[in-house]
Amino acid sequence: MQVTKPGLGVLCKQFQSFVRPAGLVAALSRGAESAHSRAGYMPAIIGYPSIHHKVAALGSRAALPKANYQSRRTTAVAVANSSSSRNNHHHNSHNSSADTADSEGASGGVANPDGKRSSNVWPPPLEEWLRNHGGTVNSVELRSVLFPSGAVDRQLRATSDHPAGAILISVPRMLQIRYDNIEEAAAATAATSTDTAIPAVDAAKLVALYDMMPKGSDTGAAAWPFKQALTLLYHLSRGLASPLLPYIAHLPGIAPGVPTPRVAMLMHDDAVEELQYGNVIQDIRNQKYWLNHVTKEVFGRLSHGTEVPGASVSAAAAAAAAAAGRCGSASTPAALDPFGGLVVDAELFGWAVAVAMSRCFGLTRFRTHTCVPLVDMANHVAPYSASNCEIRTGPGGEVLMYAKRPIQADEELTLTYGTHDNHNLLLSYGFTLQPNPNDAFYFDIDLSTVESLVEGLMEDGSGRTGLASWQLQLLETHVGIGRADGGEYGKGSGSASGVSSGDNNSSSSNGAVRVYLSASLPSVDTAKESTCGDFTTPVEGDGTGADFGAEGVAEETTATTRASAAAVRSTVRQPVDPRLLAALRIATLQDETWYRILQPMSVDQIGGWANLLARQQEITVMRLLAALVTALYTTFPTTIQQDRQLLKAASVGGAATVAATSISPPLKPAHSSAVSFAVDNYSANTKAAVEGSVGCMGGEGGGGEWALRPFVERSMGGGGGAASNQPEAAIAAHIRDMAEAIRFRLGLKTTLERCLQALVARAKELDALQKIR
Ligand SMILES: C[S@@+](CC[C@H](N)C(=O)[O-])C[C@H]1O[C@@H](n2cnc3c(N)ncnc32)[C@H](O)[C@@H]1O
């Protein structure tokens with residue numbers, strides 16, 4: 001066997017006589033190739049919205065106070081340049097020789113937009129704003145973290161000790177951004193509604209727009225990230241009229257120095273290609289497609305005054321619009337536009353969807369998602385046992401964050417957003433964890449893959465040339481692997497013999513099943529497969545909440561969901577998917593008497609890591625799996641070592657670039673060489689793409705009414721304006737995309753390497769046992 005990747009070569013030497021890698025690699029890479037070669041998806045969206053320009057165009061509707069951000073307690077964190085993973089941030093921030101500086105906010109005597117005068121800055125600190133409006137904040141503060149790269153991030157910290165169970169933050173329903181508030185306001189008639197926070201006429205229009213959003217493939221319900229993005233844009237478009245503006249002013253992309261999360265669909269196309277993993281690439285292309293589709297077909301037509309195809313205005317919207325006397329006909333685009341003149345383009349919509357995806361909580365009880373001020377500042381750690389806080393909802397829709405164990409003063413307050421692998425983290429939150437205890441390598445396995453794997457074993461002198469019919473039958477009925485044409489044994493699992501396929505996406509009509517390989521046996525948390533890729537809407541699911549966290553920031557814990565969450569956490573994932581292990585165990589058996597033994601068993605029993613059937617056979621299976629893992633690894637165009645080097649170059653160049661865009665004093669020409677150095681380290685194509693995006697963004701002017709400035713402008717010390725600074729922001733974003741893509745694929749390769757180590761260790765253990773006896 002030809003082993004080309006260093007590291008794996010040593011481990012695999014002993015398996016060289018077992019497989020025919022060429023056929024196997026071809027069988028395995030079919031899926032990935034088709035994902036890579038599919039053309040025609042939409043171009044990337046730049047992740048830095050020039051929100052101030054767009055909102056300024058609104059005039060008086062969105063008249064905004066002059067921003068006078070109070071400098072927060074900022075911790076300069078000494079983080080090694082080689083990684084920007086928050087896991088490392090957490091680690092280093094505790095041990096850093098961080099200089100913390102409390103600086104008083106600049107005074108300006110600016111009144112709060114709501115009339116309260118407890119702070120002389122606008123926007124008011126979130127803690128103060130919440131306390132003034134019925135929320136609770138108990139010894140918690142929001143702190144800015146300044147990394148050596150120049151990037152700013154926020155985190156929550158305890159300012160005193162808290163016992164387990166202590167309520168740290170409580171946020172009333174009306175201070176949250178949530179689409180069920182809009183739906184309820186729309187249900188009230190314009191005449192009876194007394195809600196000034198969300199006028200019924202606007203709510204009805206928004207609900208009509210919700211109905212035009214893409215529908216989840218499994219539920220048929222409108223995609224929640226889009227609904228939530230519309231809700232956020234609505235509040236933004238209202239400016240001071242929205243009581244939620246002080247919260248919006250703290251969102252990333254608006255708050256100074258805090259960039260919009262680079263959720264996967266905002267990534268540059270060439271960075272997406274650098275992920276080197278067909279499954280995630282396809283999901284991202286789907287999301288990009290829908291983002292552009294909605295921008296063009298819905299917002300494009302709204303702003304140009306053309307009819308929106310398929311737009312049906314609900315009776316409520318029509319009635320509300322008529323009652324308000326704002327629109328002549330409820331079927332015209334103007335009647336559908338709740339944004340009062342705010343032009344929503346791809347950039348702005350992308351920002352809103354990214355914010356919605358990366359900071360929403362799913363509330364099972366209310367069948368909604370919500371962005372919760374301050375609580376949404378808590379960062380993610382995994383596994384579940386690593387976080388110190390959890391979320392709960394109260395009967396009135398208030399969201400509570402409480403300590404799930406005793407917390408000491410100055411500890412960072414963290415949540416576990418869900419049992420996300422890096423695929424989900426990248427799609428929904430724009431980052432990956434290294435290492436991620438929930439990470440896994442997913443791929444489709446069909447009959448030809450199984451046959452390629454066991455091909456070498458057939459030449460055992462027994463005259464067998466392929467799998468016996470009883471093996472084919474077990475593969476099909478128990479594992480779901482069959483002939484693409486439907487097979488001799490009928491389609492599908494769920495047979496009386498007790499196949500437990502476990503999830504909806506695992507078995508496809510072409511006789512393939514999606515299986516995973518993971519690093520090791522984690523002690524807590526199990527993999528929960530989710531389908532963020534097509535914007536499914538989990539609230540429409542089984543209602544238990546167990547699957548919910550996969551699509552929101554964190555699972556809420558309610559009386560009804562706690563039991564299922566605990567069940568999920570107690571499950572342990574084995575390094576090889578039970579279906580894959582079962583398939584290989586079945587395919588390597590030689591005696592038909594096994595049929596009667598295996599027939600009544602479930603796939604989880606046949607493929608249980610601990611349930612080996614026969615020792616010698618198990619050694620063979622471990623070797624085949626090791627060969628499979630090696631073959632999967634060879635489908636990646638770069639090695640772990642190469643990725644590490646690229647990442648090093650990216651962090652050096654990225655740091656320089658981010659510094660150039662976000663730290664005073666104003667940009668000096670010297671920075672540009674650091675930028676091109678970093679970009680050159682990727683490829684000429686990347687550079688061209690970066691320059692292309694620079695060109696796109698360069699035309700924006702500065703100024704305007706909107707005083708909540710994205711950080712790129714502020715970095716110019718007020719003198720430069722956006723036009724001259726945005727190219728560096730675009731380059732910084734591009735470099736971040738590239739680095740995250742490399743981290744992502746590095747994580748997958750590391751997972752494969754660790755899985756291989758587990759297989760080899762097991763084979764050796766069994767071998768040694770055999771020799772002793
Ligand atoms: C719910 S917000 C958390 C607050 C966020 N840090 C802020 O300043 O607004 C989620 C976003 O925070 C960042 N984040 C959270 N946990 C992280 C981690 N462990 N590593 C890297 N980034 C993380 C990502 O940008 C993610 O999209």
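The model is predicted: local features need pLDDT of at least 70, side-chain atom pairs count only at pLDDT 80 or more, and totals for chains, interfaces and linings use all residues. Residues are numbered from 1 along each chain as its sequence is written. Helices (H or I, at least four residues) and strands (E, at least two) are DSSP runs, numbered from the N terminus.

The axes of α8 (residues 224-238) and α14 (residues 346-359) come within 8 Å and cross at roughly 115°; axes are lines fitted to C-alpha atoms, for helices over the stretch in contact, and angles run from 0 to 180 degrees between N-to-C directions. In α8, the contacting residues include Phe226 and Leu232, and in α14 they include Phe349 and Val353 (contact means C-beta atoms, placed from the backbone, within 7 Å). Eleven residues of this contact are nonpolar, one is polar and none is charged; Ala, Val, Leu, Ile, Met, Phe, Trp, Tyr, Cys and Pro count as nonpolar, Asp, Glu, Lys and Arg as charged, and the others, Gly among them, as polar.

Helices α6 (residues 179-187) and α7 (residues 200-210) have axes that come within 8 Å and cross at roughly 120°. Among the residues in contact are Ile182 and Glu183 of α6 and Leu206 and Tyr210 of α7.

The strands β3-β6-β12-β11 form, in that order, an open sheet with antiparallel pairing (two strands pair if DSSP finds at least two bridges between them). Its edge strands are β3 (136-137) and β11 (389-393). Thr136 stands opposite Ser170 in β6.

Conventions. Contact = placed C-beta atoms within 7 Å.
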